Amino acid sequence: MPSDAEREILTVAGREVSISNPRKVLFPQPGYTKLDLARYYLAVADGALRGAGGRPTVLVRYPDGIGGEFFYQKRAPRARPPWIEVVALRFPSGRSAEEVVPRDEATLAWMANLACLELHPHPVRADDLDHPDELRVDLDPVPGVGWTQIREVARVVRATLDDFGLVGWPKSSGSRGIHVYVRIERRWTFDEVRRAALALAREVERRAPDLATSKWWKEERHGVFLDYNQNAKDRTIASAYSVRPTPDAQVSAPLSWDEIDVCAPSDFTLATMPSRFAEIGDRHAAIDRHPCSLSSVLELSARQEREGLGDAPWPPHYKKQSGEPARVQPSRRRTPTSLRQGGGGPPTTFAEGDGGPPELQRRRKLQRRRKHPLIEIARAKRKEDALAGLERWKTRHPDAAAHLAPADVLVDAMRGRFHTWTRIRVNLQHVPAGLRPDQEALDPDEVQPVERKGR
């Protein structure tokens, strides 16, 4: 147990909050400590609580700083002060947990003491866990896409929201992207809100096909991906004022629409945000005064469905949904696209385990090789170890590596039950066929994925 000399007591909202190991460095480059993190959240508490307050919140903890292992903690710690509020949630897996519900500055300081950098609230209030009051538009750029293109897509998102009577509130993600929140009336289920988000993503893609995509599979994406699945039940993203695990401690900054054209994500950090907040307040101060209806977007969704656009893939740990397309990445689909969609006649079915006639098998292999020739490189508990494996692969195959575009390297943060791990794959679509390496043993190969029910 830390001694009294290794603690700092903060008096917050009439409560005493103990910060253990207050000088523990969480951000090595600027030297920010756990006490700095707590003081940051107190300085921006009004805005942080507007984003996460009253909502069940996942704790994203970095006990050894951003260079160490981190983990998502859904269940509130058993050893907690009696004034910490919790609420019980039931997840799509069937499990349940009591999650923390921050209500005041003292709770934010207590979370900071747990080295909780990011606030990851659910899009619901604790008093109604079945009806979201927030639709989230997540602009996630593929590797190699710069801030200028993200801005362009954000402008298309704003115009689209305006056309459907929705008020969008943008913020930097604190990393490379932009989030746009829409407060909504608490009338719709999670599935309906996700369906609305998918319709919006497809409409933005229709308006800016060269800049944006709604495609779920990474190997099919380009430009800026609009992640509609962030609106599925049990999905959370970093809320406003969250501190992100970047070397300079960037934060997720609420913005006005005009600011998007003149700012950069690096403008907003743990060091700079308190003064900005003191000077101009919270750019999202009026967000709760503008709840919107999803009726017009759900009408758009129905129209898209009549035109042949049904559901899109769900995240892998969800049960297969009614109307959902095959949940298998394009590079592993057994039947060529031309045959499935009528280009080569009606679909042909075979008995279980029968690959079909040799000619069809050959065409399938050619189709897969031609469209998305993916190989897997590494699975590692730590991202840096996976990336080191990628560099070794590039050293072994320099001719192939020279043809790779940034978006051809697929770095996936895979979430296990308690910890994340990293998978790296390479799309060889830009590598000439004669230079494409075969699949090799993974380097490193540290993680065995857990098979999930309902896939």
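Analyst: Glu118 counts as buried, at 3% relative accessibility; buried means under 20% relative accessible area, exposed over 50% and partly exposed in between, with a 1.4 Å probe and protein chains only. This is a predicted model, where local features need pLDDT of at least 70, side-chain atom pairs count only at pLDDT 80 or more, and totals for chains, interfaces and linings use all residues. Residues are numbered from 1 along each chain as its sequence is written, and side-chain values use heavy atoms, with hydrogens and water left out.

User: What does the side chain of Glu118 make a polar contact with?

Analyst: The side chain of Arg244, at 2.4 Å. A polar contact is a pair of N or O atoms within 3.5 Å; within protein, one must be able to donate a hydrogen and the other to accept it, and residues adjacent in sequence count only if both atoms are side-chain atoms.

User: OK, rings now. How many aromatic pairs are there in the whole structure?

Analyst: A search finds 8. Rings of Phe, Tyr and Trp (its six-membered ring) pair if their centres lie within 6.5 Å; planes under 30 degrees apart are stacked, over 60 edge-to-face, the rest tilted. One of them, Tyr62 with Phe70, is stacked, at 4.9 Å centre to centre and 15° between the planes.

User: Is Tyr62 buried or exposed?

Analyst: Buried, with a relative accessible area of 4%, while Phe70 is partly exposed at 23%. Ring pairs also link Tyr62, Phe70 and Tyr72 into a cluster.
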